[in-house]
Structures are given as structure tokens and as C-alpha cells.
Amino acid sequence: MDHFEDRTQRSLFDLAQKYADQTRGMLPRQALTDLLRNFPAGTSLKYTEYFDLLVALKPSASDFKHSVLQLRELRQEKATGEALLQAMEILRNGAMDGAKELRGHTDARRYALSAFAVIEREAAATTSPEGDIRREVRQVHDQFAKARERRLSGATSGIATGIPRLDEALSGGVGNGEFVLIAGFSSAGKSQWCAHQAWHASVMQGRNVVLFATETTRANMGVRILGRHSRLEKFGLRAGLNTKDIRAGTLSGEEYQAFRAVLGDFGSGDYGRCYIVQLPKGSTMGTVEARMAAISRQFTPDLVIMDYLALLRPERASQKRQDDLAMLLQDAKQFAVTFADGRGIPFISPWQVSREGRKEVRTRGYYTMSDLAETAEAERSPDIIVTLLEPETDDTRGRKVPLRLDVLKNRENERFVRMDLLADFANSHFVLADSAGGESLLGSLMDGED
């Protein structure tokens, strides 16, 4: 509240903020009048005049909410700075805390942790949905009606993957609040899957996608998505464009003309947003949440893809890598659930399997939960775990790479689903093997059939 120089403005904003926290809405004039009933007449009139000036500006509910969040962020930023300064003072010169003197690194660390805990509690107290579900039966019915309408129109209820058998197992796709790991070893096509998923959601479903890039550059991810777009039949390219030729500038004359058509269609077509963010070094889930808050003021995101989560830095680093990874997984799940005041959002990220799991998979022919790298939290936090297993042989029959896809975990639906895919890593194209010529290459290219 110290951002308001005028005391009355500060008090009025405090009332409006408390009302917003309790009701998830803007303070109406009648509610203000009721709150001011026991105030002196002069004070009540002054508050009402300020309120009328604010209403005259006609702020939207989203603008008001954003202002509240921004002011809270400024307050928390100031509190963090003050805590750090005081901790440094304790470390260097000593300081009094009431009648007790604090001095040295132990007291400085304890003071800082205590102060940060207070700041974290305040941050955690920001708005989240609550209420009597008995009074919300109409909303539940409306949600059902919208889902039925989408189903009858042929649209999926969630974010579809573009692989029919997988979407069937996921009951139409990935829903709001669901956290998905795409697990596999290096070179299994996890980042390619991210490009495919981003393209399918934005182009084929008209959804708004936000993709955070950490492992590759924003430009390279954009080229992958454009390569996937080139597989549309209307461009007349049987196998699409090879992204290596796009990067190297080695497209043939005919391919170049098709490339221009791909760019024109992707840039002007009636598709959803495909927004790629290059995350800087040292980014945390807090960085992601801040970026998503800013992006949400431009458009409403429907899907978040993080390529990939394990490269983020935890908010509070520990002494063990597995603890850091566990914290990242927990934060990602909470973000998926609480995004947009509890509306939630699908969150998809690749995940690495362990080297031991990679070795053992050759004897049993599939991954298990224990193969997920470094932390048991990788089994607990996600709602859905999909694994991609590629053959070790070099015989991939040209650009077609056979993959085995297993659904290891599916919290709400069918589990332990298996299917064979063919992937074209030249343009991030995935298709069921039996729909790409009626063949399943895995039987001949993979050992350890179960």
C-alpha cells in the first residue's frame, strides 16, 4: 500500500483488494457504501468521491486485477530488497532485532530465510478459486454442454496430440491442469514432438500455444514448426521440406517456391497463436509464470510447452540435484493447476530417462517408471507420462524413424497403451506406423519384444 502517497487512496485500495480476494471481483459501489456505513460522514464522502473517479475511468475487471497483481509484485520486490539489505547489515556490522543482537553469517542466513518465508506466504495468499460447489451446479452443467458441443462438432475436449490412438487413450487430449512428461533418451525425438505438438494445437485446432525454449534456440524451434507445416497436402510436397535445407539455404527452386507458400500460409492463415519464448540462462518457474502473466494480457493461452523443464533453475536451490528436479516438477504441476486463477492450462515438457533405464530397455523392450531420470517425483507429479523409444540400429529406412510410444501413466484414463509410430525428424512429423503404409517397423528393428 506504500505505493499510494494519499492515505485515503491507500485505504480505498486496501478495501478493494480485500473484496477482490474474497469475491474474485471488483468492489461495487453498493458494497463500498455498506463498508463505509460506520465511518464518519466526511471520511465516507471522500472515499466515495475517489471511488466515483475510479469508476469514471471504466477499468475492466482484468485491468483491475492486473493492477492488483502488479502492486503486490512491487511490494514483494521491495520486501525482498529490504530483507537482503538487513541480512547484509547483520553479516557485516550486526544489527538489533528488538532487544536481541544479530551478528554473523548464521544469524544473517536465519533472518533472511525467515523474512523470505513471510514474503512467500504473502505470495501464496494471492487469489485462487474457492466456494460452495452446490451453488455452482449451473457452471458444471454449462461445462458439460460445451464439452458435448465440441464432441458433436468433431472437436476435441482437450489439446489433441494429432495421433488418433493416443488422443483416444487420453479421452480427446490433454486437459487444463494436466501436467505431461514426454520421456525418452537423447535423440528419441522429444523436442521434435514439442514442435509437432505446438504446430498441431495452433494450426489444426486453432488453439493459442506458448512454447518456452531452453535447450534449442527460438529460431530453430520456429523452423521446426514451419517444417511441420510444410507437410500439409495443399503445398504439394509428398514428404514436406527438410529443415536442414531451410537452415543451410539449400532448397531447390521448386522447394523454394513451396517454402514461400508455406511461410505465407502460416503467417496469414486462420490459426491460433504460436508464441515462442527464448528463456535466458538462470530462468526459474517464477520466470515462466511472470512471462505467462504478461503474455496473457495479449491473448489467452491454451497450452504451454517447456523444452525443457529440467534446464530451469529451482527457486530455492538445494544441495542435491534430485531435490532440485523434484521442486521443478512440483512447481510445474502447481502452475498447470493454478494458472489463470484456477482455470488451469495443459503443461507439456520432455523428460530424460536414465542411462540405466536405457540399458535395461533392450532386454525388456519398454520403459518403466523407475527409468525416469534422477528423481522419484517424476513418477508422482505428472498426470500423464508418455515414453518414446527409438531403435539402436542405423537401418531407419531413409527419413522414416520407427518409434515405440507407451503411455506409462494416465491419471484419469486408460494406461499402459502401446503404439508404433513413424517419425520424420526432418520436419517433426509423427504418424501411426500402420497409417503410413500398413507397416510396423519396430518388430524388425527393435530387440527385446515382450
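**Group meeting talk: a walk through the predicted model**

At 27% relative accessibility, Y111 is partly exposed, because the buried class stops under 20% and the exposed class begins over 50%. One caution before going on: this is a predicted model.

Where does Y111 sit? It is in helix α5, residues 104-124. Which residues does Y111 touch, if we leave aside its neighbours within four places in sequence? The contacts are A83, Q86, A87, I90 and L102. Take I90 from that list. Y111 and I90 are 21 residues apart along the chain, and their C-alpha atoms are separated by 8.6 Å.

Now the sheet. Nine strands form an open sheet with mixed pairing. Please follow the order on the structure: β5-β4-β6-β7-β3-β8-β9-β10-β11. Which strands stand at the edges? They are β5, residues 274-278, and β11, residues 429-432. Each has a single partner strand, so one side of each is left without a neighbour in the sheet. From one strand to the next, the twist averages 25°.

Let's step through some strand pairs. Strand β3, residues 179-184, runs parallel to β8, and five bridges join them. In that pair, G184 has L388 of β8 as its bridge partner. Next come β8 and β9. They pair in the antiparallel sense, over six bridges. Here I384 is partnered by N410 in β9. Then β9 and β10. These also run antiparallel, joined by eight bridges. R404 finds its bridge partner in β10, at D420.

How enclosed is β9? Ten of its eleven residues are buried, so β9 is largely enclosed by the rest of the structure.

Back to β8 for a moment. Helix α14, residues 355-364, has five names to remember: its buried residues are G357, R358, V361, R362 and R364. These buried residues pack against β8. Just after the helix, G365 takes a positive phi of about 85°.

On to charges. Side chains of opposite charge can pair when their charged atoms come close. How many salt bridges does a search of the whole structure find? Ten.

D383 lies in the loop between α15 (377-380) and β8 (384-389), and R411 in the loop between β9 (400-410) and β10. The pair therefore ties together parts that are 28 residues apart in sequence. Are the two partners buried or exposed? D383 counts as buried, at 6% relative accessibility. R411 counts as partly exposed, at 39%. There is a further member here: K333, D383 and R411 are linked in a network of salt bridges.

Next, D424 and R231. Their closest N and O atoms are 2.9 Å apart, in a salt bridge. This pair links distant parts of the chain, 193 residues apart. D424 belongs to strand β10, residues 417-424. R231 is in the loop between α9 (218-229) and α10 (243-248). D424 counts as buried because its relative accessibility is 7%.

The side chains meet at 2.6 Å, N to O. Both partners are partly exposed, R103 at 47% relative accessible area and E101 at 42%.

Is α9 mostly covered or open? Mostly covered: nine of its twelve residues are buried. Those are M221, G222, V223, R224, I225, L226, G227, R228 and H229.

To close, three things to find on the structure. Find the nine-stranded open sheet. Find β9, with ten of eleven residues buried. And find the network of K333, D383 and R411.

Terms used: Residues numbered from 1 in each chain as written. Predicted model: local features only at pLDDT ≥ 70, side-chain atom pairs only at ≥ 80, totals over all residues. Heavy atoms only, no water. Salt bridge = Lys/Arg side-chain N within 4 Å of Asp/Glu carboxyl O. Buried < 20%, exposed > 50% of the residue type's maximum accessible area, 1.4 Å probe, protein only. Helix = DSSP H or I, 4+ residues; strand = E, 2+ residues; numbered from the N terminus. Pairing = 2+ DSSP bridges. Contact = heavy atoms within 4.5 Å. Axes fitted to C-alpha atoms, helices over the stretch in contact; angles between N-to-C directions.
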